[in-house]
Structures are given as C-alpha cells and as structure tokens.
Amino acid sequence: MIGIDVGSDLVRMCIRDSIGSAECCLERPLHRKVSGVKNTMSSEALWSNIITLLAEGNISIKKSDTPKKSDVQDADCPETGRRVFVAATCSMAVVERVEVNGRKFLRPLEEDIIVWMDSRASAQAQWLSERLDALVLQQIGGQITPEMGIAKLRWVYEKYQGSGKEVLVFELYDWVSYLFAAGGLSNGMVECLQGDVVECHPQSRAMDGSVKGWGKSVLDIVFGKTDEVRIGHVPTQFRKGRKGALCFAGEPIAKNKVLGGVVLHGCIDCYAGVVAQMAAKKSIPEKVASENEIVALDMVAGTLTCFVASIPSASLPIDGLWGPFDQLMETPVYAFGQPATGKLFEQLLGPGDTFESLESLAISLEKRLGQPLVVLAKNHFYYGDRYGNRSPYGDFAMDEVRVKGFNADQNSGVVPFRNDEDEKCLRYYLLIEFLVFQTKELAQKLGPLDLVRVSGSQAKNKRFMRLLQHFAFQNGRCPVVEVVGGNATYSGARAGATIATGQGDVERRVLETEELLPEISRLLERKYKFYLELSSWQHRFRRAMR
C-alpha cells in the first residue's frame, strides 16, 4: 500500500503492508527551476525519483507488458492487491499527444510541470476575473489569482493556440497516477490510455480554481470554444453509471501497469489528510453522530494552515470560503486557510530558542505576575496577516497591524512587560491570540460544528489548542476536538498510505483541556469584536488605495 506526496521541492513515499502494521517512509529532493515568476519541474526527473524510491523501498517493478494472472485478478477486484495513491501540490503537467508508428503517446512539453507558486499568468488571471460569472468567482474567493490552475490554463491556451499541437493539461496528482496506469515514461513518452480527456457536467467547478473539474460553461471562456487544449485525467476502468461526475479521492480507477494491482484516484496534497481521516475505519468518535450527519472541520496547522469543512447536503457558497466542492468525497466540502502561520512562529525564535523554551518563559511570566497572558496582554493587539489574507478576503495586500498598549499598562498601574524576554512572551501570546481570532471568524461561517480534527506541528501547542477548543470552535455547540498526530514530515505520503489501506491513524486522541474562566471568555469576546472591526477596516482600506 503506497502513498506518494509530490511537493514543491521533495517527493515523499510511504509504504505499508496491507493491514497498516509496518511502514517505511522515504524521500528524494526535486529540482525546481526558478526563472523570475516562473517555477517549473521536469516529468522525467520526477518519474525517475519515484522509480528510485520504489527500488529503495524494495517494491518490485513489472518487467513485462503482459500482466500476470494474479495482477489481473487483483485489478478486477479493487479491494485486493497493491494500491497506489498520489497526492500532489496544485501544480499542473502540460503534455502533447503524438503518434509514433501508428500508436499514440503523450509527451511532456519542455519544462512541462508548472509548479503551483508560478505566477506567470497574472494577465490571464485579470482577464478571467473580468469575464467569469459572479457565481463561479464566489466559489473560489471572489477573484482569479495568477497561482490558480485556471489562470495557467488560459496561459497554456494562448501559448499553443494555432500551433497544431494536441495539448493536454493534467493535475499533477493525475499525471503521476496516469504514468502508473499507462506503464510509465519510456524514452520521454507514455502510451495513451483510451478516454483520457475529462468530461464534466456543464456547470461543474474545479476545486480551489485548479485544473480538473471545470464544466463546458467555464472552459468555453478559458479556451475560446476550441479543443486545441483539453484537460486530461486517468479514465476509470471500474466504476460505471456516473457520466460527467469525477471519481472521489481514494476510489480505484485503473490497473497499475508499473506495479500490478490498482491505482486509486488521488487529490491535491492539502486534502489528503482529510480524505485519510474519512477513509479510516473508526474515524468518528462515539460522542458525535454518524458520519453522514456530522458537520466536521479538519484543520492542518503547519507551515501554513489549511481548513476543510465537510457539511452534508451543502449546496450554496459561503462568503469568504471556497466551495462547496463535491468531487473530493461524498460529503461536499468548503476550503479556506491562513498563509505562513508556521513561519510567523519561527520568526519569533531567536538563537537557541525553541517553542518549548518560549512556552516555558510565558508560564514563568504568568506565575511571577499571578495573571494569565490573556489578562496581562489585554491592552495590546496584533493583527498578523503579514503574508496577506487568503480567507476570508483573498486579499494578499493585507498586512500586519500592531496596537501597542504600554501607555495603557502604565495608566492601569501594572507594567507586565519590562524587558526583552517579557516582550517576546507578549509577541508569542499575541500571535496565538490572532490565529485563534481568525480561526473563530472562519469557523463561525460554518455554523455549529460537531467534530474538529487538528493536525500539524501547531497541534502540539497546548496554549493554542486550549483557546481553539474553548473559544474559537464554540458556536452554539461544543464540538468534539481531536488531535491527530503522526510524522508531520511525511503527512501527505502517510495519508496516501492510510487511504490505500483503509486503516486509521493510531496516533489520535480526543483533546481534553481546562475550560476558560468566564471572565477570560468575556475578555476574549470583547477583544474579538475589535479584531473583526480591524480586519474589515484594513480590507476596505487596501481596496480603496488600489
């Protein structure tokens, strides 16, 4: 059972046995070429690294195009045999269809993988923002950005229009899955699979403004009602009767001509952990309703913070969130996030500092002054969109704002922050407070929650988790909050292996933290109202100054 995670600079692989009891995790660096606003990679180099990782993991590769009897049996019965799941960044592969000696192949075009942070399509993003229907834009944050797949699709169309080439564009996770299903790259080409052009419902929407999932109504605008550029995918060999609908993540879709067994439908990397939790047996605690009825929020808090909310029967956009999207899994999902949250914490650390030592300083300060930092920092305020705002405004011109409270501290007769160490504790707490406030702002848009699952490095911060549990996630109901642990370095690959096995992550626990005192909750509520005013004010200010 193999999970593969193609990142921006590394490809990771986790290999498990069929019951999930043994695991091997491996990784190799990827070469990403950066030239101004362009960020690209090579399919051949990526595939070579994947083959090397398989060899390092002692996974045998088929030597013949003639399948063994066991391989055929395994592929005809998708519940058995080797299973491969691919997660990848929301990058895209650009290839052309060629014919050689009467056989059709796909051949990567030069620098064929356009990596997600590539921002060459700024003009195309603006062009599409001016032409797409307001309902389409509402599902993806209100505007097209250069990093979105749909903007780059327009760029590819403009580049190859009239070239005579038959160009296909793949989600990166689909392209790697395609290579497994079609037998891998050989001499820079892979043989075509029949039916490898996507056909979606005319009004369909792609997740996160990406590549696959757009219906004809949108693609006619992107591609000018031509078929010179089309969207590729792995045609399913197992599921019938859902014409125009995409497979869900984790569904078996094709025989694996490289390894034997089957290829599972993959997904964008930030959703892999969510799919893994939903796929895991016993993923729903006993304290909440059945899986089909709950409103669940998954929060992956690492270098950045990604949220995915699954809401049964969701059909309408929610202002400030992306979605609902119905192609990831059976329950429609909304997506939103906070950029570079982990980086904000890292920038607090000086030489020799750790998160543990910073928390230790904060506890010592609280003991010395006999008050929690929530109270000690009440006159100070920090708004931390230092790297722009993804949700709810989608405005990357937004920035950090600091409201100092030292004069107010003096007037109150209490001066808690007297030296550099004290001020570092203040900045540490204010960053946590900002992230809690912004999480509350986003979570409240979903209505009452039943279940919250938190993973990533920030889930280890007890102060942060306590404020999330008893303040940010409270909205007329007290949800069950779970911390999902594991090796964060290999999270996407481990999630893929989990999806392949169907076995749950054993490192999970229901969060139990001390409730906040009523006066602390009231103080946070008062401050939160000013947070809402400031965030709205800054967004309006940025728009007015453009």
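**Reading charged and aromatic contacts in a predicted model**

Author: In this predicted model, R97, E166, D196 and R230 are joined in a network of salt bridges.

Reader: How many salt bridges does the structure hold?

Author: The structure holds 23 salt bridges. One of them brings together the side chains of E56 and R28, at 3.6 Å from N to O. This pair links distant parts of the chain, since E56 belongs to helix α1 (residues 43-56) and R28 to strand β3 (residues 23-29), 28 residues apart.

Reader: Where do D353 and K424 lie, the residues of another salt bridge?

Author: The side chains of D353 and K424 meet at 2.5 Å, N to O. D353 counts as partly exposed at 24% relative accessibility, whereas K424 is buried, with a relative accessible area of 17%.

Reader: What separates D220 and K216 in helix α7?

Author: About one helical turn separates D220 and K216, because they are four residues apart in helix α7 (residues 216-222). Their side chains form a salt bridge of 2.7 Å, N to O. K216 counts as exposed, at 55% relative accessibility.

Reader: Which values describe a pair of aromatic rings?

Author: Such a pair is described by the distance of the ring centres and the angle of the planes. The structure holds 17 aromatic pairs. Among them, F307 and F336 are stacked, with 4.9 Å centre to centre and 10 degrees between the planes. F307 is in strand β16 (residues 305-310) and F336 in strand β18 (residues 333-338), 29 residues apart, and the pair links distant parts of the chain. Both F307 and F336 are buried.

Reader: Which residues form one aromatic cluster?

Author: The cluster is formed by Y382, Y383, F434, F437, F471, Y528 and Y531. The charged end of K440 sits over the ring of Y528, 5.8 Å from its centre. Elsewhere, R154 lies over the face of W127, at 3.8 Å from the ring centre.

Reader: Which residues form a nonpolar patch on the surface?

Author: W537, F541 and M545 form this patch, with about 330 Å² of accessible area together. F541 is found in helix α16 (residues 518-544) and counts as partly exposed, at 32% relative accessibility.

How values were computed: Residues are numbered from 1 along each chain as its sequence is written. This is a predicted model: local features need pLDDT of at least 70, side-chain atom pairs count only at pLDDT 80 or more; totals for chains, interfaces and linings use all residues. Side-chain values use heavy atoms; hydrogens and water are left out. Rings of Phe, Tyr and Trp (its six-membered ring) pair if their centres lie within 6.5 Å; planes under 30 degrees apart count as stacked, over 60 as edge-to-face and the rest as tilted. Helices (H or I, at least four residues) and strands (E, at least two) are DSSP runs, numbered from the N terminus. Buried means under 20% relative accessible area, exposed over 50%, partly exposed in between (1.4 Å probe, protein chains only). A charge sits over a ring if NZ of Lys or CZ of Arg is within 6 Å of the ring centre and within 35 degrees of the ring normal. Patches are made of residues with over 30% relative accessible area and no salt bridge: like charges are joined within 9 Å, nonpolar side chains (Val, Leu, Ile, Met, Phe, Trp, Tyr) within 5 Å. Accessible areas come from the Shrake-Rupley method with a 1.4 Å probe; for residues, only the protein chains shown count as cover. A salt bridge is a side-chain nitrogen of Lys or Arg within 4 Å of a carboxyl oxygen of Asp or Glu.
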